[in-house]
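Reader: Could you take me slowly through a protein structure and show me how its features are read?

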Amino acid sequence: AGKIPINKLITGNTYNAPVKDLLVRLLSLPEFKLEPGKVSEIVDAIKDWLDKDDEVTGLGAESSYYRSLASPYAGKNGFLDCIDELLMVKGVTKELYYGTKETPALKDCLTVYGEGAININTAPKLVLRALSPDLSAENAARMDVYRRAEGNDLADVNWYRKIPGLQGISMSYSLLTVKSSYFTIISTGMLGKMKQTVT
């Protein structure tokens with residue numbers, strides 16, 4: 001629940017504004033190296049993939065675009081079943097999705113699970129920065145240090161205001177929580193020279 005719930009980008013066939021703003025801020029972070037027009041294209045295309053109509057949103061794409069590709073397919077017009085489906089969406093390249101040596105992986109910031117709230121205690125630093133336009137990389141790093149330190153009370157979503165310099169930072173409290181219902185577990189088993197990892 002520390003990731004952005006991508007299926008909550010829409011309500012009915014329209015944008016869920018707080019989640020849209022969050023996704024735009026995330027993709028606009030300098031680490032992703034995306035131009036503003038590209039950010040709009042990706043967000044609009046994800047909305048078009050999720051919504052049930054065939055009307056193109058802004059720079060997005062519907063089935064007419066996907067059917068014109070070298071390997072044609074139809075747009076989903078429904079929620080993502082797994083985050084890997086984003087690779088089928090206009091503008092979401094493998095480099096953006098998986099990341100490169102120079103850029104982070106978008107897949108590490110998004111999820112198809114959850115009811116819409118983001119756990120501020122477990123969110124990746126990039127997601128923390130997307131929670132507020134006023135949150136710098138340095139402040140997100142300070143939040144990360146604070147939440148990892150033993151003895152700090154993280155039971156209230158306002159815990160970050162205890163960090164010097166962050167008292168004036170405001171976040172959308174409707175998007176925040178300190179609880180999670182979904183978790184990712186990565187386990188590696190080894191026997192001699194054999195190794196197997198399961199997620």
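Predicted model: local features only at pLDDT ≥ 70, side-chain atom pairs only at ≥ 80, totals over all residues.

Reader: How is a pair of aromatic rings described?

Author: In general, a pair of aromatic rings is described by the distance of the centres and the angle of the planes. In this structure the count comes to six aromatic pairs. Take Trp 49 and Tyr 66, whose ring centres are 5.2 Å apart and whose planes meet at 85°; planes over 60 degrees apart count as edge-to-face, so this pair is edge-to-face.

Reader: Are Trp 49 and Tyr 66 buried or exposed?

Author: The cut-off to remember is that buried means under 20% relative accessible area. Trp 49 has a relative accessible area of 3%, so Trp 49 is buried, and Tyr 66, with a relative accessible area of 1%, is buried as well. Tyr 66 also pairs with Tyr 73: these ring centres are 5.3 Å apart and the planes are at 25°, so that pair is stacked. Tyr 73 has a relative accessible area of 23% and is therefore partly exposed.

Reader: Which residues do the ring pairs link into a cluster?

Author: The cluster consists of Trp 49, Tyr 65, Tyr 66 and Tyr 73, linked by ring pairs. Elsewhere, Lys 47 lies over the face of Tyr 15, at 5.8 Å from the ring centre.

Reader: What should I look for when I read a helix, and which residues of helix 1 are buried?

Author: The general idea is that an α-helix has 3.6 residues a turn, so residues three or four places apart point the same way. In helix 1 (residues 17-27) the buried residues are Val 19, Leu 22, Leu 23, Leu 26 and Leu 27. Seen down the axis of helix 1, these buried residues fall within an arc of 125°, so they line one face of the helix. What they pack against is strand 1 (4-5), helix 2, strand 4 (110-111), strand 5 (118-119) and helix 5 (125-130).

Reader: Which residues touch the most other members of the largest nonpolar core?

Author: That core has 53 residues, and those touching the most other members are Leu 23, Leu 26, Ile 46, Leu 86, Leu 110, Met 143 and Met 171. At least two residues of this core come from each of helix 1, helix 2, helix 4 (94-98), helix 5 and helix 6 (137-148), and helix 2 gives the most, with seven residues. For Leu 23, once neighbours within four places in sequence are left aside, the contacts are Ile 6, Leu 9, Val 43, Ile 46 and Leu 110.

Reader: Where is Val 127, and what does Val 127 touch?

Author: Val 127 is found in helix 5, and with a relative accessible area of 0% Val 127 is buried. Not counting residues up to four places away in sequence, Val 127 touches Gly 2, Ile 4, Leu 26, Cys 109 and Ile 118.

Reader: How far apart in space are Thr 177 and Ala 1?

Author: Although Thr 177 and Ala 1 are 176 residues apart in sequence, their C-alpha atoms are 8.6 Å apart in space. Thr 177 lies in strand 6 (residues 176-177) and is buried, with a relative accessible area of 18%. Its side chain reaches the backbone nitrogen of Lys 179 at 3.2 Å. Beyond the residues up to four places away in sequence, Thr 177 touches Ala 117, Ile 118, Asn 119, Ile 120 and Val 157.

Reader: With which side chain does the side chain of Asn 119 make a polar contact?

Author: The partner is the side chain of Ser 180, at 2.7 Å. Asn 119 lies in strand 5 and, at a relative accessible area of 3%, is buried.

Reader: Is Cys 82 buried or partly exposed?

Author: Cys 82 counts as partly exposed, at 37% relative accessibility, and its place is the loop between helix 3 and helix 4.

Notes: Residues numbered from 1 in each chain as written. Heavy atoms only, no water. Phe/Tyr/Trp six-rings, centres within 6.5 Å; stacked < 30°, edge-to-face > 60°. Buried < 20%, exposed > 50% of the residue type's maximum accessible area, 1.4 Å probe, protein only. Lys NZ or Arg CZ within 6 Å of the ring centre and 35° of its normal. Helix = DSSP H or I, 4+ residues; strand = E, 2+ residues; numbered from the N terminus. Arc of directions from axis to C-beta. Contact = heavy atoms within 4.5 Å. Core = buried A, V, L, I, M, F, W, Y, C linked by side-chain atoms within 4.5 Å. Polar contact = N/O pair within 3.5 Å; in protein donor to acceptor, adjacent residues only side chain to side chain.
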